[in-house]
Amino acid sequence: MSSLSQSLSLALPSPRTPRAAAFGQIVRNAARLVWRQPTNMIGSIGLPVVLTIIFGELPSFHQPLPGYGGLILFDAYVPIIMVLGLTMLTLLGLPGPLVSYRELGILRRLSTTPVPPSWLLAAQVVVQLCIALAGLAIVNIVSVAAFGAPVPKSLGGLALSCLLAIGGLFALGLLVAALAPTANSVNAIGRLALIPLMFFAGLWLPRALMPAVLQDISNYTPLGAAVEAIQDSVQTGFPPAAPLLVLAGYTLVFAFLARRFFRWE
Amino acid sequence: MPTLESTAAVPVEAPVAIGGRPAVEVAHLRKAYGTLVAVDDVSFTVTEGEIFGILGPNGAGKTTAVECAIGLRRPDTGTIRLLGLDPHADREKIHEIVGVQLQSGALPAKLRVGEILEEYRSFYRDPADVGELLDVLGLAAKRGDYYRSLSGGQRQRLSVALALIGQPRIAVLDEMTTGLDPQARRDTWELIEHIRDRGVTIVLVTHFMEEAERLCDRVALIDHGRVVALDTPARLAAQARGGKTVRFLPSAPFGDRLLADLPEVSRVEREGQHVVVTGTGELVNAVILALHASGVTARDVQLDSSNLEDAFVKLTGKNLDSKGAPA
């Protein structure tokens, strides 16, 4: 027996697979699926761009807010729109495919191949990350180039704020994927979570106009902190530590919970 | 009958098919989920080049046993070797040489057949050619079609294709024809034989008797997490009946004793006008001669060929569930 297994293991090629090529193929098919079912891309890129254009065209949005150091309403809304796109993406676009992979038994199927099922997750994150970055960049460029929003004071601060916001929200998306039993329930959970999250981001009442209590609460919500960090980077310079730490904290907590509760089958 | 019951008590080492090298060795496998014992004590050996059937009703522990065997689940106790390799210690090698088609797996609706196969092909070091595999599976014309546009049979064949794309030495197919129409089922059977002819060892999990009888060189009957019998389908069927059955319409009435006293006969039953005689040896001759001696002619004589289904009922005391099973 042992001589048989020895001769067999000698006959088998070394356990190295063409890993990079395999990951590339998984990413390619994940991207194809996103492209062929563009609902979520419309939500996370199309909707923010349309809102930017509508708000940019409204004269009332170009008045300075009284008592807020000359902050213009449109400029207050740009970070909110950026965060809205990101949230749509991470609450719906990211967990949706992952949960359907699990529902269809694809994660299970993959665990019988040389490639671990976690690669499907990683590929999905890569694809959604590209969409997120594209959405953020487009909203920024349109608002500056077409509607006179200020060029960000601290590009490094903006990049860091966006990355931490992406970190916190992607981790939240993975937590939704961990907890949602079916692809349909992702939609229900996502839509339900979107409303309070976006409220504290200032979608209905920009943070600058919120009463002090709401603003304090908002500071400690993931989207409130994200809007604060982005707005500071644009208006004043490198953002203070508080919102960045809040975002980093959410990233860690959501990622830990997602890992803890994720089911592969 | 007594021989069958005794085999249920000890782990069965059934006759090994010719050609000899073991592809799959499972010894004293046990797996419990809490208090539920899914697999109690399962042992079997599959020889290279064999089509080996694992047959049993739903909930018998077939799938759990197979999932342990391929390393998807860790058994509580027992040893497993696939071509001499341990499914956990040699996980990566196992995944290269064992192709698996799990029960009821689907794929993304909006990926094309060719795209799916190219993706899975990239996972392996020495994969099959996509075009050739599609030809063999009769899916060549579907290469550019979305998964959602495929029929049930086509989806099943694609699933089998994914199990084979890495050119495995062992293919494990779990309930591969469940939900297929009879034609698609027959096509899939032909395909399996074709794959075996290419030297692949096949482990077939099924609850279709017809499938096991048609395809398998040997069959393990599993019930309540145990192997209750392991042999060729024909031998299992013969054992289960404890002999043969002759059914006929007598030309005149006669007493049961006439036949029951024959050494070849073990049982005489009446089914309406018909008489059913169970026994061994030259049963038909003995019955006809005895009847003839008493001036009775047997008409409408049927030699009832017992089958695996009978074996199953005999061994487990129940019918296979009716879910999609052929009548």
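This is a predicted model: local features need pLDDT of at least 70, side-chain atom pairs count only at pLDDT 80 or more; totals for chains, interfaces and linings use all residues.
Let me open with one residue pair: Arg247(B) stands opposite Val276(B), the latter lying in strand 12 of chain B.

Residues are numbered from 1 along each chain as its sequence is written, and chains are lettered from A and ligands numbered from 1 in the order in which they are written.

Let me return to the strands of chain B. Strand 10 (residues 244-250) runs antiparallel to strand 12 (residues 274-279) in chain B, and five bridges join them. Pairing here requires that DSSP finds at least two bridges between two strands. Strand 12 of chain B also pairs with strand 11 (residues 265-271) of chain B, again in the antiparallel sense, over six bridges. Val265(B) stands opposite Gly279(B) of strand 12. Strands 11 and 12 of chain B form a hairpin with two residues between the strands, and there Gly272(B) adopts a positive phi near 65°.

How is chain B divided into domains? The assignment gives domain 1 as 2-238 and domain 2 as 244-305; such bounds come from an automatic or database domain assignment. The centres of the two domains of chain B, taken over C-alpha atoms, are separated by 43 Å.

I turn to helix packing in chain B. Helix 6 (residues 152-164) and helix 7 (residues 182-197) of chain B pack at about 15°, their axes 10 Å apart. That angle makes helix 6 of chain B roughly parallel to helix 7 of chain B. For reference, angles under 35 degrees count as roughly parallel, over 145 as roughly antiparallel, 65 to 115 as roughly perpendicular and the rest as oblique. The axes are lines fitted to C-alpha atoms, for helices over the stretch in contact, and angles run from 0 to 180 degrees between N-to-C directions.

On the helix 6 side of chain B, the contact residues include Gly152(B), Gln156(B) and Val160(B), and on the helix 7 side they include Ala184(B), Thr188(B) and Leu191(B). Contact means C-beta atoms, placed from the backbone, within 7 Å. By class, this contact of helix 6 with helix 7 of chain B has five nonpolar, four polar and two charged residues. Ala, Val, Leu, Ile, Met, Phe, Trp, Tyr, Cys and Pro count as nonpolar, Asp, Glu, Lys and Arg as charged, and the others, Gly among them, as polar.

Chain A has 12 helices and zero strands. Its C-alpha trace spans about 85 × 35 × 35 Å along the principal axes. Helix 4 (residues 73-93) and helix 11 (residues 222-235) of chain A pack at about 135°, with axes 9 Å apart. These two helices of chain A are therefore oblique to each other. Their contact includes Ile80(A) and Val83(A) from helix 4 of chain A, and Val227(A) and Ile230(A) from helix 11 of chain A. By class, the contact of helix 4 with helix 11 of chain A holds nine nonpolar, two polar and no charged residues.

Finally, how many residues does each chain give to the contact of chains A and B? Chain A gives 29 residues and chain B gives 29 residues. On the side of chain A that touches chain B, the elements giving two or more residues are helix 1 (2-11), helix 2 (19-36) and helix 6 (106-110) of chain A. Helix 2 of chain A provides the largest share, eight residues. This side of chain A divides into 15 nonpolar, 10 polar and four charged residues.

Methods: Helices (H or I, at least four residues) and strands (E, at least two) are DSSP runs, numbered from the N terminus. Two residues are in contact if their C-beta atoms, placed from the backbone, lie within 7 Å.
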